[in-house]
Amino acid sequence: MIGNDWDNELSVIWKSPNFNKFYNDILSLYDKDDIYPPKELIFNAFKLTPFKDVKVVIVGQDPYHGVGQAHGLSFSVQKGVKLPPSLRNIFIELKSDLNIDPVKDGDLTKWAKEGVLLLNATLTVKKDSPNSHSKLGWEIFSDYVIKKLNQKEEPIVFILWGNFAKSKKKYITNPKHLIIESAHPSPYSANYGFFGSKPFSKTNDFLKKNGIKEIDWKLN
């Protein structure tokens, strides 16, 4: 399915008749509606960030639902696409936290290759219909991913923005890991605890303390 060590970690899922039926049902939706991201990018986060390389997990809810936006990475948009408000606020906090200037491009692929798993709880969405696939079964898959990562011996930083992401905290029980939680970067909530939360420097301080190479958060 993915082509790296995730396939071994997720072998129970891949071999599950229930998952295979669910996934075939998802693929069939592409023949009826406009579904994002493109089929070949559904598991993009896992392809770009192998299990062994995961240092940080940023949990999102579901893909962007506008044309050309989603490409399988939470909070990220494809090159040339206007920055969504939440991502714009993430860049504002990055500037405040680490003095890294905002960029015009919202493609976070570089973060993924640095070891940041940009995980959406729901991996597909219908055009112009946010959360339209949230009840179909994807969360069984993404919760399993979080549980597998929780079992890792190497320390990981889990960044949980907003109440939805915080609901995954119950799966992160390994004391070796760090949980960073705050309000969501959405314009509706960013002023209530996201701005000033310094998630990027806190992440790197924790990684450095544990002898792990820090994340280069620069995107250019």
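Visitor: Leaving aside neighbours within four places in sequence, which residues is Pro85 in contact with?
Guide: Pro185 and Pro187 are the ones in contact with Pro85, once those sequence neighbours are set aside. Keep in mind that this is a predicted model.

Visitor: OK, and where does Pro85 sit in the secondary structure?
Guide: Pro85 belongs to helix α5, which covers residues 85-98.

Visitor: Switching to aromatics. How many aromatic pairs turn up in the whole structure?
Guide: The search gives 23 aromatic pairs. Take Phe19 and Tyr23: the ring centres are 5.8 Å apart and the planes are at 10°, so that pair is stacked.

Visitor: Are those two buried or exposed?
Guide: Phe19 and Tyr23 are both buried. They're 4 residues apart in helix α3 (residues 17-29), so about one helical turn separates them.

Visitor: And what about Trp138 and Phe141, what kind of pair is that?
Guide: Edge-to-face, because the planes of Trp138 and Phe141 are at 75°, with ring centres 5.9 Å apart. Here the cut-off is over 60 degrees. Both residues are buried, and they sit 3 residues apart in helix α7 (residues 138-150), so again about one helical turn separates them.

Visitor: Which residues make up the aromatic cluster with those?
Guide: Trp138 and Phe141 share one aromatic cluster with Trp6, Trp14, Phe19, Phe22, Tyr23, Phe43, Phe46 and Phe51.

Visitor: Now zoom out. How many helices and strands are there?
Guide: The protein chain has 9 helices and 6 strands. Its radius of gyration is 17 Å, close to the 17 Å from the globule rule for 220 residues, so the chain is as compact as a globular protein of that length.

Visitor: What share of the residues is buried?
Guide: Of the 220 residues, 54% count as buried. The accessible surface is about 10500 Å², and carbon and sulfur atoms account for 51% of that.

Visitor: Last one: how far apart are the mean positions of the positive and negative charges?
Guide: They're 2 Å apart, for 31 positive and 25 negative charges.

Conventions. Residues numbered from 1 in each chain as written. Predicted model: local features only at pLDDT ≥ 70, side-chain atom pairs only at ≥ 80, totals over all residues. Heavy atoms only, no water. Helix = DSSP H or I, 4+ residues; strand = E, 2+ residues; numbered from the N terminus. Rg over C-alpha atoms; globule rule 2.2 N^0.38 Å. Buried < 20%, exposed > 50% of the residue type's maximum accessible area, 1.4 Å probe, protein only. Areas by Shrake-Rupley, 256 points an atom, 1.4 Å probe, with all protein chains shown as cover. Lys, Arg positive; Asp, Glu negative; His and termini not counted. Charge placed at Lys NZ, Arg CZ, Asp CG, Glu CD. Phe/Tyr/Trp six-rings, centres within 6.5 Å; stacked < 30°, edge-to-face > 60°. Contact = heavy atoms within 4.5 Å.
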